[in-house]
Amino acid sequence: AQQHYSAPAGALKDKVILVTGAGDGIGKVAALTYAEYGATVILLGKTTQKLTTVYDEIVAAGYPEPAIVPLDLKGATKKHYQDMTATIKAEFGRLDGVLHNAGMLGVLTPFEHIDLPTWHDIMQVNVTGAMLLTQAVLPLMKQTGHSSIVFTSSGVGRKGRAFWGPYAVSKFATEGLMQIIADEYDNTGVRVNCINPGATRTSMRAKAYPGEDPQTLKTPADLMWLYLYLMSDDSIGVTKQSLDAQIK
Ligand code: NDP
């Protein structure tokens, strides 16, 4: 990636971009940023109230009117994603980008204490949900021409760390999913990459590190150069990469 890329105004004009987990944390700021640069954003998330707030902020700022998809990735089936894709196709006729940002941390636990229901939930939300959504939207993304799929990884998705259990395993799986889809869709116009946000001031980070002073952390806004780069046409040709949003 170009280090600290600076997107020109209107860089995402006429693009339709779906953001999962768009109601809070990094996903909320990404949705607002994509809209600011001209995209029509589709806000997908679990808590409808949070999505409505983001919707209102985008409209109040005078950005393109977004759409809302209330969906809990934990229970969503193949049919939900197919219906959603059919609606996107009917409404917009295209899908230029997907940011897979929604994620579930669970609780940090000694390995011997990992409980199976929590393991399944984390895999469902972080891996299976992203896989099913991607399967459903790929035909529309191929048809759109140049399009971009961005997964969200983590430092623990590249190097395991004690107590991070199912969350870390789910992020290794995310890296694998990205590589497999990127390889398979090479030369189709669909590019596929991962972002590792790095330590970021959100409620998920506070849950993982309750003793940490959040003021010492980067904010989601600090990361947006990379989130913009991978959705803009300036990253055409960049695929199968796992990139850091915080470069030391
Ligand atoms: P937050 O917890 O602040 O936000 C996560 C978002 O995902 C929320 O909007 C949440 O919706 C949504 N979400 C969670 N579960 C579901 C579900 N079952 N169905 C639909 N939506 C869901 O997290 P961050 O912003 O910190 O994290 C964003 C991504 O970045 C995650 O993938 C995370 O793993 C990754 N990451 C974050 C780091 C950090 O330091 N913050 C570091 C490395 C990676 P709701 O609010 O409605 O529950």
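The structure holds one cavity of 30 Å³ or more. On a 1 Å grid over the protein atoms alone, a cavity is a set of points where a 1.4 Å probe fits but cannot get out. This is a predicted model: local features need pLDDT of at least 70, side-chain atom pairs count only at pLDDT 80 or more, and totals for chains, interfaces and linings use all residues. Residues are numbered from 1 along each chain as its sequence is written, and side-chain values use heavy atoms, with hydrogens and water left out.

The largest cavity has a volume of about 110 Å³. Such a volume is the space filled by probe spheres set on the grid points, and the points are joined across faces, edges and corners. The lining of the largest cavity counts 14 residues. A lining residue has an atom within 4 Å of a point. H100, A102, V125, N126 and A130 lie nearest the centre of the cavity. Three elements, α4 (116–144), β5 (147–152) and α5 (165–184), each supply at least two lining residues. Here helices (H or I, at least four residues) and strands (E, at least two) are DSSP runs, numbered from the N terminus. The largest share, five residues, comes from α4. By class, the cavity lining has six nonpolar, seven polar and one charged residues. Ala, Val, Leu, Ile, Met, Phe, Trp, Tyr, Cys and Pro count as nonpolar, Asp, Glu, Lys and Arg as charged, and the others, Gly among them, as polar.

Next comes open space. A pocket is an open set of points with protein on both sides within 12 Å along at least five of seven lines. The largest pocket holds about 1100 Å³ of space. Its lining has 45 residues, and N101, G103, M104, T202 and M204 are the closest to its centre. Two or more lining residues come from each of α1, β2, α2, α5 and α6. The largest share, five residues, belongs to α6. The pocket lining divides into 18 nonpolar, 18 polar and nine charged residues.

Now to the cores. A nonpolar core is a set of buried Ala, Val, Leu, Ile, Met, Phe, Trp, Tyr and Cys residues joined through side-chain atoms within 4.5 Å. Buried means under 20% relative accessible area, exposed over 50%, and partly exposed in between (1.4 Å probe, protein chains only). The largest core has 35 residues, and L12, Y34, L43, L99, L226, Y227 and L230 have the most contacts inside it. At least two residues of this core come from each of β1 (16–20), α1 (25–36), β2 (40–45), α2 (48–60) and α7 (220–231). The largest share, nine residues, is from α7. Take Y227: beyond residues up to four places away in sequence, Y227 touches I26, A30, Y34, L99, I195 and P197. Contact means heavy atoms within 4.5 Å. A second, separate core has 33 residues, including I88, F151, Y185 and C194.

Aromatic rings come next. Rings of Phe, Tyr and Trp (its six-membered ring) pair if their centres lie within 6.5 Å; planes under 30 degrees apart count as stacked, over 60 as edge-to-face and the rest as tilted. The structure holds three aromatic pairs. One of them joins W164 and Y167 in a tilted pair, 5.7 Å centre to centre with 50° between the planes. Both of these residues are buried. The rings of W164 and Y209 have centres 6.1 Å apart and planes at 45°, so this pair is tilted. W164 lies in the loop between β5 and α5 and Y209 in the loop between α6 (203–208) and α7, so the pair ties together parts that are 45 residues apart in sequence. W164 counts as buried because its relative accessibility is 10%. Y209, at 26%, counts as partly exposed. W164, Y167 and Y209 form one aromatic cluster.

S154 also lies in the loop between β5 and α5. Its relative accessible area is 11%, so S154 is buried. Leaving aside neighbours within four places in sequence, S154 is in contact with Y167, K171 and N196.

The last stop is H4, in the segment before β1. At 42% relative accessibility, H4 counts as partly exposed.
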